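I opened the notebook on a new model today. I wanted to look up contacts, core and charge pairs.

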Amino acid sequence: MTAVFVVPDFLPTSANRLMRMHYSARNRALKGDAELVAVYALQAGVAKAVGKRRLRMTFTSNDSLPDPDNCLKSLLDSLVKARLLLDDSPSYVELAAVSVKRGERRMTTVELEDVM
């Protein structure tokens, strides 16, 4: 089964930014990212993870394009907190594609596919 959802006006907090933050600000940023991802996944009817999943992500931005790997940490942690991934280790998630493209507005598109 494959599920797709979009989080509009959102790019995950970058790893570079997280490393420079005070721990309490970092925790607030990660919690905010996780809550947004959980809400939009719930609205899209994405089922909770029961096994390994293949993950495809597209980050769209209307200004400077982020490095694809810079957005991974926060998004993977958010997917785990929302129970859309069992864990972010290679045993439970297969990163299929991470792409960045220019568009009219910022958004994050997530595609989760169950792997048997």
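Which residues does leucine 112 touch, not counting residues up to four places away in sequence? I found Met1, Thr2, Ala3, Phe5, Val46, Arg53, Arg54, Leu55, Leu84 and Leu85; contact means heavy atoms within 4.5 Å.

Ground rules first. This is a predicted model: local features need pLDDT of at least 70, side-chain atom pairs count only at pLDDT 80 or more, and totals for chains, interfaces and linings use all residues. Residues are numbered from 1 along each chain as its sequence is written, and side-chain values use heavy atoms, with hydrogens and water left out.

**Core.** I looked up the largest nonpolar core and got 22 residues. The term covers buried Ala, Val, Leu, Ile, Met, Phe, Trp, Tyr and Cys residues joined through side-chain atoms within 4.5 Å. Phe5, Leu55, Leu79, Leu84 and Leu112 have the most contacts inside it. Strand E1 (2-8), helix H2 (23-44), strand E2 (53-61), helix H3 (72-81) and strand E4 (107-114) each give two or more residues. H3 gives the largest share, 4 residues. Helices (H or I, at least four residues) and strands (E, at least two) are DSSP runs, numbered from the N terminus.

**Strand E1.** I checked the side chains, and they alternate. Ala3, Phe5 and Val7 point to one face and are buried; buried means under 20% relative accessible area, exposed over 50%, partly exposed in between (1.4 Å probe, protein chains only). E1 runs antiparallel to E4, joined by 7 bridges. Valine 6 has threonine 109 as its bridge partner in E4.

**Salt bridges.** I searched the whole structure and found 7. The criterion is a side-chain nitrogen of Lys or Arg within 4 Å of a carboxyl oxygen of Asp or Glu. Glutamate 94 pairs with arginine 54, closest N and O atoms 2.7 Å apart. Glutamate 94 lies in strand E3 and arginine 54 in strand E2, so this pair ties together parts 40 residues apart in sequence. Arginine 56 pairs with glutamate 111 at 3.4 Å. Here E2 and E4 hold the partners, so parts 55 residues apart in sequence are tied together. I noted a network linking Arg54, Arg56, Glu94, Glu111 and Glu113.

Lysine 73 and aspartate 77 form a salt bridge too, at 3.1 Å. They are 4 residues apart in helix H3, about one helical turn. Lysine 73 is partly exposed at 44% relative accessibility, whereas aspartate 77 is buried at 17%.

Key. Two strands pair if DSSP finds at least two bridges between them.
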